[in-house]
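Hello,

Here is the structure we talked about. Please open it first, then read my notes below.

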Amino acid sequence: MTGRGRRVLGGLFVLGLIGLLAAFSAAPDGVIVKRSRTPRKKPGPVLFLHSQHPFTTCYRCHPVPFTWPRPDITHREMKRGAYCGACHDGKQAVEIKKLDCRSCHVR
Ligand code: HEC
Ligand code: HEC
Ligand code: HEC
């Protein structure tokens, strides 16, 4: 193999590693959760912070329950233990009804 060929392959390898790291470690911090189809005026959108959830692996939340395409999330389902309610049940994490609306909804 030529020196140039090796450099090109080496470069591709490094790019591949960066891609893998980006795919498996970088969670964007603030993510606006898909707005429920249930019509409402208030409160505003939900800002989910990955940085508030550093204690578990990505696989605890992806690909389920936070699927692609994004699910339609309602409080009724969360109260029954789905989505955020899978943990925010007052045992594993603070119960949803004990939080101020604004800890999740940005306005
Ligand atoms: C505690 C649950 C939880 C954990 C753990 C978690 N995520 Fe997420 N992630 C979410 C939620 C909730 C959303 C928003 C989903 C929605 O809008 O329906 C999201 C969205 C995303 C998105 C889409 C961002 C966008 O702007 O479209 C990516 C990418 C992502 N997460 C990557 C990761 C990676 C990588 C990890 C591990 C380092 C991780 N997540 C860990 C809950 C989690
Ligand atoms: C895998 C379990 C898990 C899931 C799923 C999860 N959380 Fe959390 N969350 C936690 C834990 C544990 C904490 C930190 C300890 C606590 O608040 O009880 C936390 C903390 C938070 C906080 C800070 C609470 C405070 O006291 O100020 C907010 C806000 C929050 N989560 C929102 C969300 C939203 C919104 C979702 C769904 C889109 C979500 N979480 C899904 C486990 C989870
Ligand atoms: C633990 C985070 C969290 C807290 C606290 C929270 N919400 Fe939500 N809420 C969500 C998520 C996630 C959705 C789904 C995304 C969306 O529609 O923006 C949602 C959706 C909604 C919806 C539309 C869907 C439905 O269930 O009808 C309404 C209305 C709503 N929230 C009202 C409130 C009010 C009022 C409060 C305060 C008493 C509150 N929420 C507190 C996370 C939260």
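**What I found**

Ligand 2 has 18 residues around it, and those that come nearest are Cys 84, Cys 87, Ala 93, Val 94 and Ser 103. Please keep in mind that this is a predicted model. By class, the ligand 2 shell holds eleven nonpolar, six polar and one charged residues.

Now ligand 3. Its surroundings comprise 20 residues. The closest are Ser 36, Thr 74, His 75, Cys 101 and Cys 104. Two elements give two or more residues to this shell: helix H2 (75-79) and helix H3 (101-104). Which element gives the largest share? That is H3, with three residues. Sorted by class, the ligand 3 shell has ten nonpolar, seven polar and three charged residues.

**Backbone points to check**

Most peptide bonds are trans, and most residues other than glycine have a negative phi.

- His 62 and Pro 63 are joined by a cis peptide bond, with omega about 0°. Pro 63 sits in the loop between strand S2 (47-49) and H2.
- Val 64 and Pro 65 are also linked by a cis peptide bond, again with omega about 0°. The loop between S2 and H2 holds Pro 65.
- Tyr 83 is not a glycine, yet its phi is positive, at about 55°. Its place is the loop between H2 and H3.

Is Tyr 83 buried or exposed? Tyr 83 counts as buried because it has 20 C-beta neighbours inside 10 Å. The cut-off for buried is 20 or more.

**The chain as a whole**

The chain has 107 residues, and buried ones make up 4% of them. Its secondary structure comes to three helices and two strands. From the N terminus on, the order is α-β-β-α-α.

If you have time for one part, start with the ligand shells. Then go to the loop between S2 and H2, where Pro 63 and Pro 65 lie. Finish with Tyr 83, in the loop between H2 and H3.

Best wishes

Technical notes. Residues are numbered from 1 along each chain as its sequence is written. Chains are lettered from A and ligands numbered from 1 in the order in which they are written. This is a predicted model: local features need pLDDT of at least 70, side-chain atom pairs count only at pLDDT 80 or more; totals for chains, interfaces and linings use all residues. A residue is near a molecule or strand if its C-beta atom, placed from the backbone, lies within 6 Å of it. Helices (H or I, at least four residues) and strands (E, at least two) are DSSP runs, numbered from the N terminus. Ala, Val, Leu, Ile, Met, Phe, Trp, Tyr, Cys and Pro count as nonpolar, Asp, Glu, Lys and Arg as charged, and the others, Gly among them, as polar. A residue is buried if 20 or more other C-beta atoms lie within 10 Å of its own, exposed if 12 or fewer, and partly exposed in between; C-beta atoms are placed from the backbone.
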